[in-house]
Amino acid sequence: MRIGLVGGTGREGTGLALRWARAGHEVFVGSRDSERGVAKAAELAAEHGITLSGGDNLGACAHGEVVIVTVPYSAHAPTFASIREAVTGKVVVDITVPLKPPKVRSVQLPAGSAAALESQAILGDGATVVAALHHISSEHLGDPAHEFDCDVLLCGEKDARETVAKLIEDLGLRAIEAGTLENAVALESMTPVLLFINKKYGATAGLRITGMPG
Ligand SMILES: NC(=O)c1ccc[n+]([C@@H]2O[C@H](COP(=O)([O-])OP(=O)(O)OC[C@H]3O[C@@H](n4cnc5c(N)ncnc54)[C@H](OP(=O)(O)O)[C@@H]3O)[C@@H](O)[C@H]2O)c1
């Protein structure tokens, strides 16, 4: 599948680009600065012997059948506003956790909402937002030798969710569909909890759903 990463030069975006390119997807690393996107794609290609391309964020949107937005919450609203026209008709994955440093171990969701609900409101009916990957460490994604023992819970509209679930399996993770986009409130809230547990116990905590069939 053609995958475009908006803000793909960062920690999480780089790990996703690496793993999806290794799985055979056509990946485009986007950046605010086209040269930075090209350079990051070239760096990953040289380091890992993979094929991928890069450029600016609108290029990533044009390339992707599915577009993943991987920017900090402080850049969330302006970034979604800037890609609104470019993602019409597409599935857009929002991995944003609305953290407000330095209090990253306490839940600080936008009042009565979630980052993913905000992004769907910004994009309107033209694109379908799926919320996913909030609990997956960029360090683990970026290490091809790391084998995950945790799950990815994702939420959004059914068809879009199923498309994204398949892509998540290609990262080497088990995907568990977890309802409509409103449930992003719960998914985004769990990241500060995991960050607290990591600090308290020196852990690299993830979520695993028990009692699943098969
Ligand atoms: N890091 C993790 O382990 C992790 C895990 C789960 C979820 N997340 C979520 O993933 C998202 C990205 O996290 P990250 O750690 O990858 O972030 P990051 O490395 O700090 O930044 C990602 C990219 O966002 C772009 N960016 C930065 N400031 C921007 C601004 N003001 N306007 C527009 N673009 C900007 C940059 O790309 P350019 O400068 O090239 O444009 C940067 O490379 C966050 O929402 C975070 O909550 C992160």
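**Figure 1. Strand 1 and its two partners.** Strand 1 (residues 2-6) and strand 2 (residues 26-31) run parallel and are joined by 4 bridges. Strands here are DSSP runs of E with at least two residues, helices are runs of H or I with at least four residues, and both are numbered from the N terminus. Two strands are said to pair if DSSP finds at least two bridges between them. Within this pairing, Gly 4 lies opposite Phe 28 of strand 2. Strand 1 is also joined to strand 4 by 4 bridges, again in parallel, and Val 6 stands opposite Val 69 of strand 4. In general, the strands of a sheet pair through backbone hydrogen bonds, either parallel or antiparallel. The model shown is predicted: local features need pLDDT of at least 70, side-chain atom pairs count only at pLDDT 80 or more, and totals for chains, interfaces and linings use all residues. Residues are numbered from 1 along each chain as its sequence is written.

**Figure 2. Strand 4 within the sheet.** Strand 4 (residues 66-69) is covered on both faces, with Val 66 and Ile 68 buried on one side and Val 67 and Val 69 buried on the other. A residue counts as buried if 20 or more other C-beta atoms, placed from the backbone, lie within 10 Å of its own, as exposed if 12 or fewer do, and as partly exposed in between. Strand 4 pairs with strand 5 in the parallel sense over 4 bridges, and Val 69 faces Asp 94 of strand 5.

Figure 3. The 8 strands form an open sheet in the order 3-2-1-4-5-6-7-8, with mixed pairing. Strand 3 (53-56) and strand 8 (174-177) each have a single partner strand and stand at the edges, so one side of each is left without a neighbour in the sheet. From one strand to the next, the twist averages 25°; axes are lines fitted to C-alpha atoms, for helices over the stretch in contact, and angles run from 0 to 180 degrees between N-to-C directions.

**Figure 4. Helix 5 and its surroundings.** Helix 5 packs on the sheet, where it touches strand 5 and strand 6, and its direction makes about 170° with that of strand 6. Helix 5 (residues 115-123) is mostly covered, as 7 of its 9 residues are buried. Among them are Ala 115, Leu 117 and Leu 123. The cover over these buried residues includes helix 4, strand 5, strand 6 (128-131) and helix 8 (184-201). Gly 124, which follows helix 5, has a positive phi, near 70°.

**Figure 5. Arg 84 in its loop.** Arg 84 is located in the loop between helix 4 (76-83) and strand 5 (91-94). Arg 84 is partly exposed, because 15 other C-beta atoms lie within 10 Å. Not counting residues up to four places away in sequence, Arg 84 touches Ile 122 and Leu 123; contact requires C-beta atoms, placed from the backbone, within 7 Å of each other. Cys 61 is 23 residues from Arg 84 in sequence, and their C-alpha atoms are 9.6 Å apart in space.

**Figure 6. The shell around the ligand.** The ligand is surrounded by 25 residues, of which the closest are Gly 7, Gly 10, Glu 12, Ser 31 and Ala 75. A residue belongs here if its C-beta atom, placed from the backbone, lies within 6 Å of the molecule. Helix 1 (residues 11-22) gives the most to this shell, with 3 residues.

Methods
Two residues are in contact if their C-beta atoms, placed from the backbone, lie within 7 Å.
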